[in-house]
Amino acid sequence: HDLPPVDLVLLSHNHYDHLDLATLSRLAAAHRSRVITPLGNDAILRAHDPAIRVEPYDWGDRVGLNPDVAVTLGPMRHWSARHMLDRNKALWAAFVIETPAGRIYHVGDSGYGDGHHFRAARERHGPFRLVILPIGAYEPRWFMLDQHMNPEESVRALLDSGAELALGHHYGTFQLTDEAFDAPLQALAEARRKAGVPQERFRTLAPGEVWEL
């Protein structure tokens, strides 16, 4: 209820810590927000609340938001499911946001793999002013390796993407996995140090903090 007007929601995939139906209904009622999401997630939202203004798109689709701003959906190394019988029946995505101040590459949940998604995004959509990268929910590695990056991999993804700046997300909200609640921040500091990436290039924000570029 304290949010300013919300024009647009970028919904990356349907896992419960990302697609929260009650929250999206509240945004629809209060703001009439447009919801841009990969294919298949629209069925979940429409079944729950027809008032949600959901627009489904495929990887590679570019959506003009106004004459100066557009968003393109891109592939990422993840998966989807809401229950036992719908695994990978809906798509997941990252988002490239074009703005007058530069391009933003918002990476939803993703494993690192060999890093080709980040290099391909750089080649197709770069240069990026900012990349928003997940840094949490990564332990144990034998289980999380293919779906969530750890901070060391996120620093590599920054370098692969060639972005000027990076912002960490996907940590400090839900206790999803085995690492300590503050472990991602400590691991990110160490990963930056090892890679020679200054703190001001790869930042994190406290809840409610504003970073003005």
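**Close-up 1. Surroundings of isoleucine 44 in the predicted model.** Leaving aside residues up to four places away in sequence, isoleucine 44 touches Asn14, Leu19, Leu21 and Arg82, where contact means heavy atoms within 4.5 Å. Isoleucine 44 belongs to helix H2, helices (H or I, at least four residues) and strands (E, at least two) being DSSP runs numbered from the N terminus. Its C-alpha atom is separated by 10.0 Å from that of valine 54, which is 10 residues apart from isoleucine 44 along the chain. This is a predicted model, in which local features need pLDDT of at least 70 and side-chain atom pairs count only at pLDDT 80 or more, whereas totals for chains, interfaces and linings use all residues. Residues are numbered from 1 along each chain as its sequence is written, and side-chain values use heavy atoms, with hydrogens and water left out.

**Close-up 2. The open sheet of three strands.** The strands follow the order E1-E2-E3 with parallel pairing, two strands being paired if DSSP finds at least two bridges between them. Strand E1 (8-10) and strand E3 (53-57) stand at the edges with a single partner strand each, so one side of each is left without a neighbour in the sheet. E1 pairs with strand E2 (residues 34-38) in the parallel sense over three bridges, and leucine 8 has arginine 34 in E2 as its bridge partner.

Close-up 3. Eight of the 11 residues of helix H5 (residues 151-161) are buried, that is, under 20% relative accessible area, with exposed over 50% and partly exposed in between (1.4 Å probe, protein chains only). Among the buried residues are Pro151, Val155 and Leu158. Just after H5, glycine 162 takes a positive phi of about 70°.
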